[in-house]
Amino acid sequence: MTQPTSPSPEFYAEYTPAAPPAALPRPPLRLSCVVPAFNEAVNLPRFIPALAEAVAQLTPHFEIVIVNDGSTDATHTVAMELVAHSGLPLRYLALSRNFGKEAALSAGIDHTRGNAVVLIDGDFQHPLDLLPEMHDLWQHGYDMVYGVIADRGAESGAKRVGTHLFYRIMNAGNSVKMPPNAGDYRWLDRKVANALKALPERHRFMKGLYAWVGFKTAALPFVPLDRAAGASSFNLRRLGSLALLGLTSFTTLPLRVWSVIGALVALAALLYGGWITLETLLFGADLAGWPTLAASIMLFSGVQLMSIGILGEYIGRIYDEVKQRPSYLLARDEDHSILRSNDNV
């Protein structure tokens with residue numbers, strides 16, 4: 001397997017503030033692990049014990065919160081068996097339908113009780129051996145430690161180009177910088193988890209929310225491991241929808257771009273109108289310009305429709321937000337955790 005390559009010094013300078021000079025006096029670790037699961041029936045029986053074994057090396061006081069995001073396979077049955085018979089401190093949340101990974105992560109964070117929270121996928125792609133280093137950085141004062149994908153060589157060229165373009169657009173002129181290639185593999189201090197819980201929006205783009213809440217952060221480069229079994233549920237359509245959610249949630253750059261385009265088109269039309277007027281006064285009118293006129297009308301109509309469509313995306317987000325529907329609904333909550341609400345202080 002290819003070894004991770006560290007991000008550039010410029011990356012650390014921009015996205016990861018300098019470490020505090022000494023470790024902070026942290027309370028004894030009580031760790032909550034959030035595992036979103038969509039059609040992970042094959043992976044969960046092996047992953048949950050492996051995660052518990054890794055976390056037990058850090059603290060005996062932990063819980064694992066499994067969030068079933070409306071799976072269509074046997075994930076529910078497998079999770080219920082684990083809760084009932086594994087003897088591990090598990091909590092199982094079943095969403096009423098598939099709300100998406102962003103909602104599943106939010107549901108897990110909302111129901112954690114530890115003074116630190118780990119977000120980790122249940123397919124073994126997030127390496128468990130990174131947890132001790134995350135814990136060490138938390139002990140040294142970082143409030144959020146996140147994994148950065150150091151090598152995307154296994155991904156398709158279209159996905160790599162699209163990902164690069166997405167982060168360039170998101171960070172262009174935006175006061176809140178989103179670290180490129182940063183995923184959902186994260187260690188959060190309790191105050192970060194509480195800050196995320198306090199944010200009211202319904203359509204949640206978690207990568208943007210992680211960046212928006214701030215706090216002292218550190219990046220750890222890693223190469224995602226191969227999935228133990230099954231296939232990823234993310235395809236280009238889902239990734240495109242997620243990118244559109246991020247763009248409309250955290251930047252107004254598309255609106256600004258089309259404002260500039262509209263101004264340039266209007267200026268070009270004004271100059272062209274002046275030229276036509278001058279030409280008519282000097283040489284008289286003829287019908288030779290009708291093809292040009294028709295093409296211009298079609299061009300301007302297309303520009304207007306595209307700009308209205310972009311504006312409509314933003315208005316649609318506003319419409320969804322003002323309805324104030326919850327981000328998710330729980331169908332079941334099986335709580336065999338050893339942590340209780342007073343443990344997160």
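Reader: Which residues of helix H5 (residues 131–139) are buried?
Author: This is a predicted model: local features need pLDDT of at least 70, side-chain atom pairs count only at pLDDT 80 or more, and totals for chains, interfaces and linings use all residues. Numbering runs from 1 along each chain as its sequence is written, and side-chain values use heavy atoms, without hydrogens and water. Buried means under 20% relative accessible area, exposed over 50%, partly exposed in between (1.4 Å probe, protein chains only). In H5, the buried residues are Leu 131, Met 134, His 135, Leu 137 and Trp 138.

Reader: How far apart in sequence are Asp 335 and Arg 113?
Author: Their side chains meet in a salt bridge (a Lys or Arg side-chain nitrogen within 4 Å of an Asp or Glu carboxyl oxygen). Asp 335 lies in strand E8, and Arg 113 in the loop between helix H4 and E4. So the pair ties together parts whose separation in sequence is 222 residues.

Reader: Is Asp 143 buried or exposed?
Author: Asp 143 forms a salt bridge with Lys 191 (2.9 Å, N to O). Lys 191 is partly exposed, at 36% relative accessibility. Asp 143 has a relative accessible area of 8%, so it counts as buried.

Methods. Helix = DSSP H or I, 4+ residues; strand = E, 2+ residues; numbered from the N terminus.
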